[in-house]
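Reader: Hey, I'm new to this one. Could you walk me through a single part of it, up close?

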Amino acid sequence: IKRGVGFAQGVWYRLTNFDSACEVRVWRDGAVEVLSAVQDIGGGIRTALAQVVAEELGVRAEDVSVRIGDTHFPPGTSSGGSSTTGSMTPAARSAAWQVKRKLAAIVAPLLGCQPAELTFAGGGVIPKGDVSKAIPLTQACKKLPTGELVARGERAGEYGQGGGGRG
């Protein structure tokens, strides 16, 4: 009988491409779009981008139009391995957060509150947590002074390491 000690090791590197960006547009009719030059080769980045933007704006993922794969859009990381989602979703969240802040600044005075007192959830804008005074996002977007709000988010550094922002 042979006896021994076993030892195993596994490594999966977290790869991130900081040259990754997204643009989020919210139109006056309430339509939400996310745009990036990233490709989807089967890894599901379309779904991930829609989910992240939807979560930030308080809408359903299926209500977010994802337009990708066009080099006229903000640069996306190469698709493959484990880098696409980790590189792209922080950029999308950052852009959606910026658009949300812009929209909150426009809508808050109309709802009698400060922008920081607004919650975006359930497809609506809720002032001071009072659901009875909530308005649908589509109605809030009708208050836009222009046809759309646009923000570009880029993949920033890691949280807590001087990267700042929401990306």
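Author: Ala134 sits in the loop between strand 5 and strand 6 (135-136); strands here are DSSP E runs of at least two residues, helices H or I runs of at least four, numbered from the N terminus. Keep in mind that this is a predicted model, where local features need pLDDT of at least 70, side-chain atom pairs count only at pLDDT 80 or more, and totals for chains, interfaces and linings use all residues. Residues are numbered from 1 along each chain as its sequence is written, and side-chain values use heavy atoms, with hydrogens and water left out.

So, buried or exposed? Ala134 counts as partly exposed because its relative accessibility is 32% (buried is under 20%, exposed over 50%, partly exposed in between, with a 1.4 Å probe and protein chains only). Leaving aside neighbours within four places in sequence, Ala134 is in contact with Val125, Ile126 and Pro127, contact being heavy atoms within 4.5 Å.

Follow that to strand 5 (residues 124-127), which runs antiparallel to strand 4 and is joined to it by 4 bridges; strands pair if DSSP finds at least two bridges between them. Pro127 stands opposite Leu118. The hairpin of these two strands has 2 residues between them, and Gly122 takes a positive phi near 60 degrees there. Strand 4 itself has a covered face, Leu118 and Phe120, while Thr119 and Ala121 make up the uncovered one.
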